[in-house]
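Visitor: Good morning. Could you show me the protein and take me through one of its pockets?

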Amino acid sequence: MREALRARRDVSLVYVLEGNKPGDIEALARSRGIEVVPRSHEALERLAEGWRHQGVVAIAGEFPYVDLDELLATAKEPPLLLVLDSIQDPHNLGALVRSACVLGADGVVLPRDRAAKVTPAVVRASAGTTEHIRIALVTNLARAISEMTEQGLTCIAAMSEGGAPPWEVDLRRGVALVVGAEDKGVRRLVGERCGERVTIPASPLAPLNVSVAGALLLYEARRQRSASG
């Protein structure tokens, strides 16, 4: 919640546990002109609907996704995007968003259907970084990859086999790194739209978690760009 307030999300009201001493979240809310209302523990439990609230619950609007065109228009040069193909687990999504934010990606692209979206669990898993990076929703991920390619980005699919090692792929240019679902990986049509493939060497007995694979690829992009800059 603190990150949502700092990022100036559309927060309309903040409920706090009555009897608690005012904290920094309450002060931040008041500094933004947001009403702060004390409520009993039972009332906060009902408002939180099962989520851990730690004595504070905010009433906010829908997560502010952006269009792909806006994401591409605001990206730095050379762009670095993380594209997530059908990630289902909110903790994996949160971890991937956090890595993208911390390692300097310009944004994250998610499919609108059959994939996790930004929820309180994702925000928590991302340590609040969902509030500091642009996240685009697209109706057709394969078509979005074609659009990114037309805009000059090289779309690189992370595959379990058959791709080049990350350090042999030039990640200093404008790239979109595509990682796939936890169980099936990058879908066939999505992979076919990508211009290149990358494979992280790993033991077949212990395949990498998707959030770890995404973080490693983003780190390699950061390493290459830092070395060349």
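**The second largest pocket**

Guide: Helix 9 contributes three residues to the lining of the second largest pocket, the most of any element. Helices (DSSP H or I, at least four residues) and strands (E, at least two) are numbered from the N terminus. This is a predicted model, where local features need pLDDT of at least 70, side-chain atom pairs count only at 80 or more, and totals for chains, interfaces and linings use all residues. Residues are numbered from 1 along each chain, and side-chain values use heavy atoms, without hydrogens or water.

Visitor: How much space lies in that pocket?

Guide: The second largest pocket holds about 610 Å³. Of its 25 lining residues, Met159, Ser160, Pro207, Leu208 and Ala213 are the closest to the centre. A pocket is an open set of 1 Å grid points where a 1.4 Å probe fits, with protein on both sides within 12 Å along at least five of seven lines; lining residues have an atom within 4 Å of a point. The volume is that filled by probe spheres on the points.

Visitor: Which elements each supply at least two residues of the lining?

Guide: They are strand 8 (175–180) and helix 9 (210–228).

Visitor: New topic: where does aspartate 183 lie?

Guide: Aspartate 183 is in the loop between strand 8 and helix 8 (188–193).

Visitor: Why does it count as exposed?

Guide: Aspartate 183 counts as exposed because its relative accessibility is 65%; exposed means over 50% (1.4 Å probe, protein chains only).

Visitor: How far is it from asparagine 209?

Guide: Their C-alpha atoms are 9.7 Å apart, although aspartate 183 and asparagine 209 are 26 residues apart in sequence.

Visitor: And what is the mean pLDDT of the protein?

Guide: The mean pLDDT (the predictor's confidence in each residue, from 0 to 100) is 87, and 86% of residues reach 70 or more.

Technical notes
Buried < 20%, exposed > 50% of the residue type's maximum accessible area, 1.4 Å probe, protein only.
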